[in-house]
Amino acid sequence: MHNCSFIGKKTMTKSLKSILLSLILVLPFMAIPVASSDAITEERIQEITKRLETYSPDQLLDRREFLINALQDEDSESEEGSSESRTSMLLELSIVEQLLIALGILMIDDITGGTSDPQDPTPPPPPPDTTPPVITVLGANPVTIELGDTYVDAGAEADGGETVTTDLGGLDTNVAGTYTITYSATDAAGNTGTATRTVNVVDTVAPVFTSPATFTIDEGSTEIGTISATDAGGVTLFTGDGGSRYEFTGGVDNISSPATLLLSASAISDGYNDFETVESFGCSTGYEANMYTLKARDPSGNETVQNVCIQLNNINDEEPVVTSSADWSVNENQTTVGTLVAIDGDGGLNDLTWSIFEGFGDEDDFVINATTGELSFKVAPDFETKAYYEVAVTVSDGLFIASPVQKITILDVDEDDDTGTGTGTGTGWDWNRHRNRHRHRHLKRFDCN
Ligand SMILES: [Ca+2]
Ligand SMILES: [Ca+2]
Ligand SMILES: [Ca+2]
Ligand SMILES: [Ca+2]
């Protein structure tokens, strides 16, 4: 502004009247002593104005500064001072400032703003409070806690000491997710400040199986057992490796924990619940070792895998099997037929008991040792009387029986001078027959002599 070109003289002269008019309005507010007012005349104003018209804007500003400093110096040096000189300086200062205002170099506020009127008793009203409280969130932000843990809020403070209210935003530590806690405080002017804290509830812990990895079931059963696992977020169970051999109740391959695990139809048809076919499977050793798994998964995708080992209890579900031959050949004149041999179809699980089956064939002619299975005639047979017998024997494991028919052929023995020893044992009949034949040959040779 100070560099602007000075206003033309013609314009300046034209504005003089308005300046004089302004002075009449402004002067009463200036600090010109009332007693000196009489020294202010129109002639004097014109005289000063004409002089100042020749000043450039910079010169006017310099003059203004000079006058202000001079008036201040006069104030500090002497209470009395030269009132006429002071009046003159105030008048000139007024005219300088009016010219600067007319030139657009000064604003009215530049002149009046810096001076407060001691006679005005009303102080300016304070600016309205539009600043909300500033809230400081205490503790960590964001906060991460494990699912199911207890959350303790560290709180927040307002800078003005206002009461802070907390909105937990539906925080549920039993449900994984991101929550926003909002703190707010309102000051006396009604301004409300807020701040937030983020709480991340995370599930990083995999489910834990509470059911065993090994199940021992009776053969013939189709149910393996109850599978269960725990997790703060809940558990879904899945069939894993080898899952075609088992399924959960309802035939599904996944279900909420706990659930009942069953053998699948294919497993049953393939003998996976028959001890005599598969004694165990999926265990750490043995048939199909470590080939079967179950999985427990939580809603966050954490997963635990557990092997499934199934051991079968051998129960009595198979009948005895007789392994000795049903065809016997024994010498006449002896009671012993031989000893029958059988094993239980359950791999020797049960002791076997022998008896004569009643109601078939020559049952009345035989006895059998219940424990050893040794079959004997009650009375030594006579070839010449009856050379062939049939008898059914029963062998029992207590629940199941087998009753094979035994066929006994009586061999003729030369009884001229030898009644026979009756030492046949019933087994190894070829050996006895060979011996008997040998004896016949021997006897015949003896007879020839
Ligand atoms: Ca979990
Ligand atoms: Ca069986
Ligand atoms: Ca049996
Ligand atoms: Ca069995």
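A nonpolar core is taken here as a set of buried Ala, Val, Leu, Ile, Met, Phe, Trp, Tyr and Cys residues joined through C-beta atoms within 7 Å. A residue counts as buried if 20 or more other C-beta atoms, placed from the backbone, lie within 10 Å of its own. The model is predicted: local features need pLDDT of at least 70, side-chain atom pairs count only at pLDDT 80 or more, and totals for chains, interfaces and linings use all residues. Residues are numbered from 1 along each chain as its sequence is written, and chains are lettered from A and ligands numbered from 1 in the order in which they are written.

The largest nonpolar core has 20 residues, of which Leu237 and Leu261 touch the most other members. At least two residues each come from the strands (DSSP runs of E, at least two residues) β9 (223–227), β12 (246–248), β14 (259–263), β16 (293–297) and β18 (309–313). Strand β14 contributes the most, three residues. Leucine 261 is in contact (C-beta atoms within 7 Å) with Ile224, Gly225, Ile227, Tyr246 and Phe248, leaving aside residues up to four places away in sequence. A separate core of 19 residues includes Ile368, Val391, Val395 and Ile408.

Glutamine 98 lies in helix α4 (residues 83–102) and is buried, because 24 other C-beta atoms are within 10 Å.

The mean pLDDT (the predictor's confidence in each residue, from 0 to 100) of the chain is 84, and 80% of the residues score at least 70. In residues 1–14 pLDDT is below 50, and this stretch has 11 contacts beyond near neighbours in sequence.

Definitions and conventions
Helix = DSSP H or I, 4+ residues; strand = E, 2+ residues; numbered from the N terminus. Buried ≥ 20, exposed ≤ 12 C-beta atoms within 10 Å, placed from the backbone. Contact = placed C-beta atoms within 7 Å.
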